[in-house]
Amino acid sequence: MAHPLFRLAARAFNWPLTVLVRPYPRVNAVMWDLQYALGLWRYLDQGRDRAPLELAQRVTPRPRILDLGCGTTVNLALPPGGYRHYHGVDISRAAIRRARALRRPDTSFEAADLLTYRTDERYDVVLFREVLYYFSVDDAVGLLHRAAGLLRAGGRVLVWVYDGTTDTGRELLSRARSCGLPVHDELVGGAAGAGSVLVLGAADPARSSGRS
Ligand SMILES: C[S@@+](CC[C@H](N)C(=O)[O-])C[C@H]1O[C@@H](n2cnc3c(N)ncnc32)[C@H](O)[C@@H]1O
């Protein structure tokens, strides 16, 4: 379990910077690289969380997974054969280098700003783990809708918050809940491991017509 002081330091260092630099992707990337170099997020990398893959496997036994804001992925359990393909995207090249160095089979990685990231691929599951905090409300809602547009039939967007009891965690979940996408499930503990997860589906075409 991470020492609470590390969590506090990482968040305290990060929050004001996030707001200032997020309009500038290159500066934003450098700031995240610096935080990884300083080891501020190392506390996330203790243990391997099995819950994300297990929830993804509820969608389909060998899911194609897109992890947006994936970080180093050190903390993510990805046993060989448990997924068809995993693609991780993060703005931090340092995090992506670390993720690639794990050399897990059937994985690929890309350094990109989620705000401008586009792909023609389609996925069974799109993951946002501890990521949407770093965007404005409008951008976070836009990202959720874009992610839902990348889903294969029956696919799901999983919004993961590791501490849903904090004000920021609660607020993020509430924004995601009311973003206009169908909420299929909401899990706290149990199958969500140590966190809270909101399970969203693709937009209902009848309701979302007119949305760009
Ligand atoms: C708190 S870390 C979570 C990492 C990982 N998802 C996890 O749960 O361990 C937040 C991640 O979001 C990434 N991030 C922040 N803003 C981003 C952006 N605009 N585009 C892509 N990734 C971003 C950071 O580089 C960082 O790796």
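Accessible areas come from the Shrake-Rupley method with a 1.4 Å probe, and for residues only the protein chains shown count as cover.

**Figure 1. The whole chain.** This is a predicted model: local features need pLDDT of at least 70, side-chain atom pairs count only at pLDDT 80 or more, and totals for chains, interfaces and linings use all residues. Residues are numbered from 1 along each chain as its sequence is written, and side-chain values use heavy atoms, with hydrogens and water left out. The protein chain exposes about 10800 Å². Carbon and sulfur atoms supply 55% of that area. Seven helices and seven strands make up its elements; these are DSSP runs numbered from the N terminus (helices: H or I, at least four residues; strands: E, at least two). Their order from the N terminus is α-α-α-β-β-α-β-β-α-β-α-β-β-α. Of the 212 residues, 49% are buried. Buried means under 20% relative accessible area, exposed over 50%, and partly exposed in between (1.4 Å probe, protein chains only).

**Figure 2. The shell around the ligand.** The ligand is surrounded by 20 residues, each with a heavy atom within 4 Å of it. Y36, G69, N75, D90 and D113 are the closest. Helix 2 (residues 25-37) gives the largest share of the shell, three residues. By class, the shell has 11 nonpolar, five polar and four charged residues. Here Ala, Val, Leu, Ile, Met, Phe, Trp, Tyr, Cys and Pro count as nonpolar, Asp, Glu, Lys and Arg as charged, and the others, Gly among them, as polar.

Figure 3. A polar side-chain atom of Y36 lies 2.5 Å from a ligand oxygen atom. In the side chain of D90, an N or O atom is also 2.5 Å from an oxygen atom of the ligand. At R129, a polar backbone atom lies 2.9 Å from a ligand nitrogen atom. The protein covers 98% of the 590 Å² of accessible area that the ligand has on its own.

**Figure 4. The buried face of helix 6.** Helix 6 spans residues 167-177, and its residues G169, L172, L173 and A176 are buried. Seen down the helix axis, the buried residues fall within an arc of 95°, so they line one face. That arc uses the directions from the axis to the C-beta atoms. These residues pack against helix 5 (137-148), strand 5 (151-161) and strand 7 (196-200). Contact means heavy atoms within 4.5 Å.

**Figure 5. Two loop residues with positive phi.** T73 is not a glycine, yet its phi is about 65°. T73 sits in the loop between strand 1 (64-68) and strand 2 (85-90). E130, also not a glycine, has a phi of about 55°. E130 lies in the loop between strand 4 (123-129) and helix 5.

Note on methods
A polar contact is a pair of N or O atoms within 3.5 Å; within protein, one must be able to donate a hydrogen and the other to accept it, and residues adjacent in sequence count only if both atoms are side-chain atoms.
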